[in-house]
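Reader: Could you take me through one part of this protein up close? I'd like to hear about the pockets.

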Amino acid sequence: MSDALQKTLTLLLLIALGLVLKGKFKNKEQTNGIKEIILSVALPSTIFISLMKIEMDSSMIIIPLVTLVFNFLMFFSAPLAFALFGIEKNSPTGRTLMMLIPSLAPGLSCFPFIAEFLGEKSLAIAALADVGNKFFVLISLYIMAMNMFLKNSEEKNEAKMGSKIKSLFLSMFQEPINALIFLAIILLSLGVTFKTLPPVIADLFDKTSAMMTPLVLLFIGLAVQLKEGKKRIVASILLFRAGSTMLISAGMIYVLNISDISMILLAIVIPLSAASFWPLAHISAFNLREDAKDVPREKRTFDLELAVLLIAFSLPFSTILILAILSSGQFFAHTSTLITAGLILIALGALPNLLSKVFVKMSKA
């Protein structure tokens with residue numbers, strides 16, 4: 001058995017173990033507790049170690065900028081999906097998808113597999129890439145959500161918008177992952193590396209980092225909701241999102257002339273991360289304001305139920321896709337393969353809606 005196959009089977013068995021243990025975690029707060037340990041302890045420690053072990057230089061500023069460009073490309077390409085699925089852009093469904101499709105949450109769905117298959121240096125690069133994504137989901141998407149809300153509700157003034165953006169910046173820096181990323185950058189700029197840290201501190205980070213992969217995979221098994229897996233629109237959107245992502249990744253690999261295999265795989269799997277929770281937080285905030293005014297569901301700015309469902313299924317979907325790509329070696333590292341896979345996923349996403357239209361026409365004939 002090859003090392004890649006053995007590693008993949010081990011990771012899948014950990015996910016399966018999470019599924020087996022679902023009965024023991026009937027309280028949602030218990031699974032959220034595991035998630036909090038991952039995001040506040042294990043994952044920040046892993047990223048801190050990875051950053052402290054590589055040589056940083058000023059050219060790396062391009063990494064978060066490229067991710068930010070990707071976010072905006074996905075945002076502006078999202079309406080292309082609406083014609084395939086019969087969705088109006090200025091509807092609650094359309095506005096919700098505009099928020100969720102371009103967002104990324106690589107922490108749970110991507111980073112553990114990058115660490116396992118591509119190593120610490122690749123994980124450090126992925127962490128820097130997520131800085132650009134965090135700016136997009138925390139700041140840019142909030143401004144866009146505010147604009148959608150104001151247009152839909154016809155409100156003219158939003159006096160607290162500046163304070164809201166300020167609080168989002170503060171929350172961004174208060175997240176353990178971001179705090180340790182900036183701490184690592186500061187220490188590296190002062191000439192401090194992981195080897196020069198006090199042994200007790202280095203050992204602490206090593207021990208907490210070792211928890212990451214098992215906890216993440218167990219959490220995925222615990223969190224996946226199998227009973228709701230037949231929601232057609234969510235499945236179609238996730239397939240379209242993954243296919244579009246592959247096409248944009250192929251374009252970026254070609255334009256930036258990326259030749260290193262690890263960098264090519266990073267350019268593929270980071271954008272395939274699950275949808276972020278932050279757009280849901282923005283959507284929930286505006287939904288509460290509409291609750292206070294008793295706005296009818298069909299006239300609301302966003303569809304909160306759709307947002308929750310899409311995020312719930314996005315994590316297992318992205319996990320399976322990323323794991324398949326990384327475990328396949330260099331198969332997806334070729335632009336032609338990536339473009340073909342992207343077109344196939346988009347076609348699979350559009351197929352149910354097209355078939356339903358054909359059946360409707362046939363029934364009317």
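**A look at the pockets**

Author: Let's start with the second largest pocket: H3 gives the most to its lining, with five residues. Keep in mind that this is a predicted model, where local features need pLDDT of at least 70, side-chain atom pairs count only at pLDDT 80 or more, and totals for chains, interfaces and linings use all residues. Residues are numbered from 1 along each chain as its sequence is written, and side-chain values use heavy atoms, with hydrogens and water left out.

A pocket here is an open set of points on a 1 Å grid over the protein atoms alone, where a 1.4 Å probe fits, with protein on both sides within 12 Å along at least five of seven lines; lining residues have an atom within 4 Å of a point. Volume is the space filled by probe spheres set on the points, which are joined across faces, edges and corners.

The second largest pocket holds about 440 Å³ of space. Among its 18 lining residues, Val66, Leu256, Ile258, Met263 and Ala267 lie nearest the centre. Besides helix H3 (62–77), the elements giving two or more residues are H8, helix H13 (232–255) and helix H14 (261–269); helices are DSSP runs (H or I, at least four residues), numbered from the N terminus. The lining has 15 nonpolar residues (Ala, Val, Leu, Ile, Met, Phe, Trp, Tyr, Cys and Pro), three polar ones and no charged ones; Asp, Glu, Lys and Arg count as charged, and the others, Gly among them, as polar.

Now for the largest pocket, with about 1300 Å³ of space. Its lining has 41 residues, and Asn32, Lys35, Leu108, Phe219 and Phe277 lie nearest its centre. H2 supplies the largest share, nine residues. By class, this lining divides into 26 nonpolar, seven polar and eight charged residues.
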